[in-house]
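Work through the exercises below with the model open beside you, and try each task before reading its solution.

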Amino acid sequence: MSLPGSITERLSVHLSRYIGHAVDIEQGTAIGNGNNDCYRLDTDNGRFFVKVNSVDRFPSLFEAEADGLRRILATGTVRVPYVIAIGEDHDDGYLLLEHIAEGPTGPAFWRDFGRSLAALHRNTADTFGLERDNYIGTLKQVNTPDPDWTSFLITRRLEPLIQKAVDRKRLGSGDALRAEQLYRRLPSLFPEEPPALLHGDLWHGNLLCDTDGRPVLIDPAVYYGHREMDLAMSRLFGGSEASFHAAYNEAWPLAAGWAERVDICNLYPLLVHVNLFGGAYAQQVRGLLKRFG
């Protein structure tokens with residue numbers, strides 16, 4: 001898989017403007033990222049990173065990601081890759097980013113990340129959601145604002161994805177009925193908290209350690225939501241350490257009962273995986289709905 005020559009030419013122009021003089025791209029090396037075609041760019045002015053995907057299949061995908069990165073950057077709480085340029089070339093869209101060189105996690109890494117994430121979550125808004133829709137992975141994420149958290153969680157997150165999974169026969173009508181029972185319980189389960197700026201897709205694959213040992217967040221799916229959503233997802237696929245959760249809780253203590261809400265919060269990312277991949281994720285969702293519904 002090679003980077004198309006016409007995109008390479010466009011990237012060279014972007015980099016030249018960014019650096020302030022002509023930049024020659026010496027090599028574009030394909031690297032794995034899952035949802036997109038990703039390349040490390042070796043140039044005569046250092047390394048950069050670019051993502052490429054279909055504009056027709058995923059309109060505004062990279063505009064949404066760039067918006068999320070810029071929102072997190074503006075908080076000054078945790079490092080993210082700097083957005084250099086967004087553009088299109090024929091049927092392809094691309095996102096040109098700062099390249100993050102990775103280093104080993106040191107003793108302070110998880111504590112620093114816990115404090116940084118708590119600081120990120122202190123950024124708030126008047127309503128839950130966002131003024132624009134975006135993506136979680138390659139699945140469209142609807143963020144129409146709502147002043148009530150549980151209403152937002154039901155109507156913008158759980159209900160649409162359960163219906164989509166039922167339509168695709170990955171879940172059944174019984175699962176949908178159990179979800180309806182859960183919806184009636186949700187207002188009494190979540191403590192009232194202000195909307196928090198969330199990363200939105202906080203599994204361990206979207207957290208890096210730079211060469212200075214600092215946490216770096218990538219691939220955001222931002223919106224203003226209940227902060228327990230990020231914390232729950234950080235536990236979903238493993239990878240986070242106890243010192244991270246302890247440092248977060250020291251910086252901003254979680255409300256009583258948060259551990260019992262982890263699985264409810266993780267219904268959303270699991271439903272995303274049901275709709276993107278199917279398979280065993282449907283069994284996990286079904287089990288949670290039987291437990292809580």
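**Exercise 1: the cover of a helix**

Task: find what covers the buried residues of α8.

Solution: The cover over the buried residues of α8 includes α5 (173-189), α6, α9 and α10 (280-292), where contact means heavy atoms within 4.5 Å, and where helices (H or I, at least four residues) and strands (E, at least two) are DSSP runs numbered from the N terminus. The model is predicted, so local features need pLDDT of at least 70 and side-chain atom pairs count only at pLDDT 80 or more, while totals for chains, interfaces and linings use all residues. Residues are numbered from 1 along each chain as its sequence is written, and side-chain values use heavy atoms, with hydrogens and water left out. Next, pick out the covered positions: in α8 (residues 258-265), Arg-261, Val-262, Ile-264 and Cys-265 are buried, buried being under 20% relative accessible area, exposed over 50% and partly exposed in between (1.4 Å probe, protein chains only). Then turn to α9, one of the covering helices, which is itself mostly covered, with nine of its eleven residues buried. Just after α9, Gly-278 takes a positive phi of about 70 degrees.

**Exercise 2: a cavity and its lining**

Task: state how many cavities of 30 Å³ or more are counted, and which helix supplies the largest share of the lining of the largest cavity.

Solution: Begin with the rule: on a 1 Å grid over the protein atoms alone, a cavity is a set of points where a 1.4 Å probe fits but cannot get out, and lining residues have an atom within 4 Å of a point. Grid points are joined across faces, edges and corners, and a volume is the space filled by probe spheres set on the points. The count comes to two cavities of 30 Å³ or more, and the largest cavity holds about 70 Å³ of space. Its lining includes Leu-198, Tyr-223, Met-229, Cys-265 and Tyr-268. Both α6 (228-236) and α9 (267-277) supply at least two residues of this lining, and α6 gives the largest share, three residues.

**Exercise 3: a buried arginine**

Task: decide which side chain of opposite charge is nearest to Arg-157.

Solution: First place Arg-157, which lies in helix α4 (residues 149-167). Arg-157 is buried yet has no salt bridge, and the nearest side chain of opposite charge, Asp-133, is 7.2 Å away. Here Lys and Arg count as positive and Asp and Glu as negative, with His and the chain ends not counted, and a salt bridge is a side-chain nitrogen of Lys or Arg within 4 Å of a carboxyl oxygen of Asp or Glu.

**Exercise 4: salt bridges**

Task: which parts of the chain does the salt bridge between Lys-51 and Glu-65 tie together?

Solution: The closest N and O atoms of Lys-51 and Glu-65 are 2.7 Å apart. Lys-51 lies in strand β3 (residues 46-54) and Glu-65 in helix α2, so the pair ties together parts that are 14 residues apart in sequence. Both residues are buried. For a contrast, take the network of salt bridges that links Arg-79, Glu-98, Asp-210, Asp-212 and Arg-214: Asp-210 is buried, with a relative accessible area of 1%, whereas Asp-212 counts as exposed at 61% relative accessibility.

Key:
On a 1 Å grid over the protein atoms alone, a cavity is a set of points where a 1.4 Å probe fits but cannot get out, and a pocket is an open set with protein on both sides within 12 Å along at least five of seven lines; lining residues have an atom within 4 Å of a point.
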